[in-house]
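Dear colleague,

I am handing over the structure that we talked about, and below it you will find what came out of going through it. Please keep it open beside this email while you read.

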Amino acid sequence: LNDHLGSIVSDPTVCNLYPPQFCVNSNCFSFQPVQEADVFHVLSTLKSRSACGHDGLTSSVLKEHALAFSPNLANLFNLSLDTCVFPSVWKMSNVTPVWKGKGSKSCADSYRPISVLPVIGRVFEKLLARQLYNYSDLMNVIPNNQFGFRRQSGCGHALIKATDSWLGEIDRGN
């Protein structure tokens, strides 16, 4: 099973590194320094029962001691942003095979790999994703007809828009 799951993952030694692009346009995106208060907020809202990564550091420990960890983690995250380096240890994961719910349990193709990354890396990713999302929202990067992955928008809104459009076409006789 391990050999099978390993064969479907690309070679970890092959890495396409792209140098950071610098933009002269004031509207281009760039990550801003992470604030201690933001780190504290993310840490204090972690799910206590979230799985821990290979480092063994649990989300419940980070959540319980969020006030103490926030300043140092903010400094660490900002150093990562300044140097454009995401620490390799935050990329390492525990991979667990999970049965897809169909097919033979003795067949390797019936399993999908689930990767659990270290909590600190996930916290940093969440902070960066929030910045990227806020920029995309502010600059209207995501079209109004995109309903997934947007605040206050989802399947229900997509169905309402589609139904409204269909009824409008029926009313116009098309």
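A nonpolar core is a set of buried Ala, Val, Leu, Ile, Met, Phe, Trp, Tyr and Cys residues joined through side-chain atoms within 4.5 Å, where buried means under 20% relative accessible area, exposed over 50% and partly exposed in between, with a 1.4 Å probe and protein chains only. The model is predicted, so local features need pLDDT of at least 70 and side-chain atom pairs count only at pLDDT 80 or more, whereas totals for chains, interfaces and linings use all residues. Residues are numbered from 1 along each chain as its sequence is written, and side-chain values use heavy atoms, with hydrogens and water left out.

The protein has 6 helices and 2 strands, which are DSSP runs (helices H or I, at least four residues; strands E, at least two) numbered from the N terminus. Along the sequence they follow the pattern α-α-α-α-β-β-α-α. Of the 174 residues in the protein, 20% are buried.

Which residues have the most contacts inside the largest nonpolar core? They are Val39, Leu43, Phe77 and Val123, in a core of 18 residues. The elements that give two or more residues to this core are α2 (36-44), α4 (66-83) and α5 (119-138), and the largest share, 6 residues, comes from α5. Leaving aside neighbours within four places in sequence, Leu43 is in contact (heavy atoms within 4.5 Å) with Leu62, Lys63, Ala66, Phe69, Ser70, Leu73 and Val123.

How do α4 and α5 pack, and at what angle? The angle is about 65°, with the axes 11 Å apart; axes are lines fitted to C-alpha atoms, for helices over the stretch in contact, and angles run from 0 to 180 degrees between N-to-C directions. The two helices α4 and α5 are therefore roughly perpendicular to each other, a term that covers 65 to 115 degrees, while angles under 35 count as roughly parallel, over 145 as roughly antiparallel and the rest as oblique. Where they meet, Leu73, Phe77, Ser80 and Leu81 in α4 touch Ile120, Val123, Phe124, Leu127 and Leu128 in α5.

Further along, Ser136 lies in helix α5. Ser136 is buried, with a relative accessible area of 12%, and, not counting residues up to four places away in sequence, touches Val141 and Ile142.

With best wishes
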